[in-house]
Structure formats: structure tokens, C-alpha cells
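Please walk me through this structure in the viewer, one selection at a time. For each stop, tell me what to select and what is there.

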Amino acid sequence: MATPMSASRFLQRLRAEGVTVVEVGDWEHHNRNHVGPWGPVHGVMIHHTVTKGSAATVELCRKGYEGLPGPLCHGVITKDGKVHLVGYGRANHAGLGDDDVLRAVIAEKTLPPDNEANTDGNRHFYGFECENLGDGKDPWPEAQLDAIARVSAAVCRHHGWNERSVIGHLEWQPGKVDPRGFTMASLRGRVRERLK
């Protein structure tokens, strides 16, 4: 059972990991806590946005859209490797996923196939949206991949988790494909190296 970091501690941890942070509006208090709990937290979830253009991507993730109000994550990682903080607390990023996957994340074991959508992920995961078209062709610059590893490591370091606490949306919810364009195994390898 892990209690979420305070917003100020989250910011400190990201900066200590060498992340370039951009604070967007009143991100510390922008959340969906009125519709359900935030925590206990058990891991970090990585997504791609299916968008192009950093400013528009950040705005979309901050505000959301009809049928899915923002924030849609805690941080937006743009192509240049900057992390734009758009919300803190419960965010509309994970949706319903597989309880067996959650148990594996908590135990830091190999993930089983995600074949159910019966568990509220918005409650249990820190979420980062990464600017990418998600078509398997849009490149992932090294600065962006490095930032994804750094934010993941920052959260894991705070909670005493290892790299198995970092998952992709595609590993959580049946039918999801994000992030597409790199493997979660390669990302977890980067996180493992950072945590040494």
C-alpha cells in the first residue's frame, strides 16, 4: 500500500532525476478526485497521445475532451523531452484494466496477459502521456525516451519500487496498443539502469 506523493514532493523527485519540468497552470490541484479515490498507488503507466504538436497535445491532456474530462494524465512528455505537469491526483488515463495485472505489478512479477477490464486504474497509477502519433512510424527521439525513463525512475525511487512497477497501457487494458514504437521491455531496462 503506497500513499501518493504530495504534488510538491512529486515535483522535487522529477527534478532530482534530471527531468526538465514545465508547470502548467494550477496543475497541483487539477484532478478528478471528486469522482473517486486517488491511491493507494502501485505503479507508473505510460501512454502515447495520437497527437502532433506539443502545445496542442499539452492542452488536450490538461483539459480533456467531450466525454473524457481532463486531466488525462499527470505529465505530458513532449518530443523535446520536457515534462509538462497538467494535473495531480486522480486523472483519466488508465481506465478499467485487469486485476491480475495489478496484482503482478504490486508483486513486481512478470505481467500476465491483460484479458479483463474489471479494476479502476485511475486510482492506482501515476500516468504519463507521450506525444506521438502512435502509428509505429512516428519517431521517438532519444530526449523523449530518456525523459520517460527518468520520470518512471523518479516515481519508482520514491516508493522503493523496481522497474516492474512501470507498465504500458497496452499491458493493462485489453485492446489498447500504447505506447507503440518502442517496447516496454526496453523502457523497463532503462529504468532498471537508472535505479542502480
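This is a predicted model: local features need pLDDT of at least 70, side-chain atom pairs count only at pLDDT 80 or more; totals for chains, interfaces and linings use all residues.

Next, show the strands. Six of them form an open sheet, in the order β1-β6-β5-β9-β2-β10, and the pairing is mixed. The edges are β1 (20–23) and β10, each of which pairs on one side only. From one strand to the next, the twist averages 30 degrees.

Pick H47 and look across: the residue opposite is E129 in β9.

**Helix α3**

Move to helix α3, residues 99–107, and colour its buried residues, which are V101, L102, A104 and V105. Turn the view to look down the axis of α3: the buried residues fall within an arc of 160 degrees, so they line one face of the helix.

What caps the N-terminal end? Select D98 and D100: D98 is the cap, with a side-chain oxygen 2.7 Å from the backbone nitrogen of D100. At the other end, select E108, which follows α3 and has a positive phi, near 55 degrees.

**The cysteines**

Finally, select the cysteines. How many disulfides does the structure hold? The number is zero. Start with C61, which is in no disulfide; its nearest cysteine sulfur is that of C73, 4.4 Å away. A disulfide needs the two sulfur atoms within 2.5 Å. Is C61 buried or exposed? C61 counts as buried because its relative accessibility is 2%, and the cut-off for buried is under 20%.

Last, centre on C156. C156 is also in no disulfide, and the nearest cysteine sulfur, belonging to C130, is 14 Å away. With a relative accessible area of 0%, C156 is buried.

Note on methods
Residues are numbered from 1 along each chain as its sequence is written. Side-chain values use heavy atoms; hydrogens and water are left out. Buried means under 20% relative accessible area, exposed over 50%, partly exposed in between (1.4 Å probe, protein chains only). Helices (H or I, at least four residues) and strands (E, at least two) are DSSP runs, numbered from the N terminus. The arc is that of the directions from the helix axis to the C-beta atoms. A polar contact is a pair of N or O atoms within 3.5 Å; within protein, one must be able to donate a hydrogen and the other to accept it, and residues adjacent in sequence count only if both atoms are side-chain atoms. Two strands pair if DSSP finds at least two bridges between them. Axes are lines fitted to C-alpha atoms, for helices over the stretch in contact, and angles run from 0 to 180 degrees between N-to-C directions.
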